[in-house]
Amino acid sequence: MTDTKEQDTTNAEEPVEISNKYDGTQIKNAVDDQVRKFLGSEEGGYKEGHVHTDIKLLLGYSSCLLAGGAFLFEYYTSFEEAKPILLVAVVVFWLLQGTSWLYGALIEQNEIFVGYKTDAKGERQGILTVSSEMQKYSPDYTIQMQYQDQVAHKVTKIKLTKNASSWFTEDGVLATEAVNKDLKEQNESLTRQMHKD
C-alpha cells in the first residue's frame, strides 16, 4: 500500500514557486518553462525540437575541449614553448563564445519553443515556433506563436499579451492550469485562423 502512495507522490508534478513575485526574470523563466512543458506534452501535441540547444552545446563543449587541450599541452611542455598554442587557443575560445552569443542574439532571439506536429505515419506536418517577451518593470508577458503548415505551405501568427500576475498565486506559485488553459486557447485559435485563410 505504501509503495503506491510513494509512486503517486513521485509522479505528481511539483509546483513551480518563485521567490520574488515582482522579479520579471523569475516570472518569465517560470512561465517559459511551463510553455515548453505544455506544448511538448501529449496534450500540447508537438514534439519539441532541440536545434538551438544542440548548436549552443556544441559551441560550448568545443570551447571547453579547446581550453582543456591547451592546458594539457602547456602542462606537458613548458610555458614558453606553449605560448603560441595558448594564444591561438584563447583567440579561438573567444571566437567560439562570440559565435554562441551572436547565435543567441540574432538567430535564436526570444524563441523558447520549436515544436513539430506529425501525422500518424510520423511525417512532419508543421512547425510551431513560440517566442516570448517581458519588458523590464512591466507585468505584461507577450507570447507569439507562429505555425508553418508544411503541407498547405501557409504561415499563421498569433499574439497574446497578458498580465503575468494572473498566472501566479499570492504566494508566488505558478498556476499551471491557468497557463495551460491560455496556451490551449491560443493553439486552438491559431488552428482556426490557419483553416480560415
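1. Helices (H or I, at least four residues) and strands (E, at least two) are DSSP runs, numbered from the N terminus. A cavity is a set of points, on a 1 Å grid over the protein atoms alone, where a 1.4 Å probe fits but cannot get out, and its lining residues have an atom within 4 Å of a point.

2. This is a predicted model, in which local features need pLDDT of at least 70, side-chain atom pairs count only at pLDDT 80 or more, and totals for chains, interfaces and linings use all residues. Residues are numbered from 1 along each chain as its sequence is written, and side-chain values use heavy atoms, with hydrogens and water left out.

3. The lining of the largest cavity takes at least two residues from each of β4 (140-149) and α5 (176-196). The most come from α5, which gives three. The lining residues are V35, Y141, I143, L160, W167, V179, D182 and L183.

4. β4 is largely enclosed by the rest of the structure, because seven of its 10 residues are buried (under 20% relative accessible area, 1.4 Å probe, protein chains only).

5. Strands pair if DSSP finds at least two bridges between them. β4 runs antiparallel to β3 (residues 124-134), with nine bridges joining them; V130 has M145 of β4 as its bridge partner. Five residues separate β3 and β4 in a hairpin, and Y137 in the turn has a positive phi of about 65°.

6. β4 also pairs with β5 (residues 154-163), antiparallel, over 10 bridges. In β5, T161 stands opposite T142. This hairpin of β4 and β5 has four residues between the strands, and H153 in the turn has a positive phi of about 55°.

Notes. On a 1 Å grid over the protein atoms alone, a cavity is a set of points where a 1.4 Å probe fits but cannot get out, and a pocket is an open set with protein on both sides within 12 Å along at least five of seven lines; lining residues have an atom within 4 Å of a point. Buried means under 20% relative accessible area, exposed over 50%, partly exposed in between (1.4 Å probe, protein chains only).
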